[in-house]
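Subject: Structure for your review

Dear colleague,

Please find the structure below, together with an account of what was found in it. I would be grateful if you could read the account with the structure open beside it.

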Amino acid sequence: MVEFRATTICAVRRGKDDICIGGDGQVTMGETAIMKAGAKKVEKIYRNSVLVGFAGSVADAFSLREKFEKKLEEHGGNLKRAAVALAQLWRMDKAMRNLEALMIVADREAMLIISGTGEVIEPDQDFVAIGSGGNYAYAAANALFNNTDMGAREIVEKSLQIAASICVYTNSNISIETLEKEEA
């Protein structure tokens, strides 16, 4: 069976008003072919208040995102409660247990990694990256976050460019979403 994979996602948060998530555009078919170069793997959901990006099997990632958005609706937009509810659903549903996807979700209060195996992880720092180029993007984000005054968008963009220069499953067709500054 040929699998389609979506790759590198990076998210950074500098306070409540500087939150960004980005991803490359490459979808790889199996181990040898680029099926699509301009896929968009990041978006705003739940009244434009939550950023989401996914990596892994494309169909599994879409399923994960749709179910997460339903949980956000059920829990009034509470990111952590929705993530835990999704994880519980994953563990109870036999068909869902083996989804091969990871998702980063972020709002003004939290940033989480949600896996298709029902794990919910809150990173120790305000940056995270997933996917085949995730380790490269994470290392770049770590260096830029802790050693520069760059904003979240700049860090995400530069980290993804670095990952694209190293990882064969990551390209430089980058999509970026940010949360707008809250009205006073």
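At 1.5 Å a residue, the 14 residues of helix α3 should span 20 Å, and this agrees with the 20 Å between its end C-alpha atoms. The expected span is 1.5 Å times one less than the number of residues. Helices (H or I, at least four residues) and strands (E, at least two) are DSSP runs, numbered from the N terminus. This is a predicted model, in which local features need pLDDT of at least 70 and side-chain atom pairs count only at pLDDT 80 or more, while totals for chains, interfaces and linings use all residues. Residues are numbered from 1 along each chain as its sequence is written, and side-chain values use heavy atoms, with hydrogens and water left out.

The buried residues of α3 are G134, A137, A140, A141, L144 and F145. Here, buried means under 20% relative accessible area, exposed over 50%, and partly exposed in between (1.4 Å probe, protein chains only). Seen down the axis of α3, these buried residues fall within an arc of 130 degrees, so they line one face of the helix. The arc is that of the directions from the helix axis to the C-beta atoms. The face turned away from the buried side of α3 carries the exposed residues N135 and N147. The buried residues of α3 pack against β2, β11 and α4, where contact means heavy atoms within 4.5 Å.

Helix α4 (residues 152-166) has 15 residues and reaches 21 Å from its first C-alpha to its last, close to the 21 Å expected. Its buried residues are A152, I155, V156, S159, L160 and A163. Down the axis of α4 they fall within an arc of 125 degrees, so they too line one face. Their cover includes β2 (9-13), β3 (19-23), α3 (134-147) and β12 (175-178).

How many residues of β2 are buried? Five of the five are, so β2 is largely enclosed by the rest of the structure. I9, A11 and R13 point one way from this strand, and C10 and V12 the other way. β2 and β3 pair in the antiparallel sense over five bridges; two strands pair if DSSP finds at least two bridges between them. R13 stands opposite I19 in β3. The hairpin of β2 and β3 has five residues between the strands, and G15 takes a positive phi near 80 degrees there. Four bridges join β2 to the antiparallel strand β11 (residues 127-130), in which I130 is the bridge partner of I9.

Two cysteines deserve mention. C10 is buried, with a relative accessible area of 0%, and C20 is buried at 1%. The sulfur of C10 is 8.2 Å from the closest cysteine sulfur, in C20, too far for a bond. With a disulfide taken as a pair of cysteine sulfur atoms within 2.5 Å, the count comes to zero.

Finally, the nonpolar cores. A nonpolar core is a set of buried Ala, Val, Leu, Ile, Met, Phe, Trp, Tyr and Cys residues joined through side-chain atoms within 4.5 Å. The largest has 21 residues, and those with the most contacts inside it are F68, L72, L79, V105 and I114. The largest share of this core, five residues, comes from α2. A second, separate core of 15 residues includes A141, F145, V156 and L160.

Yours sincerely
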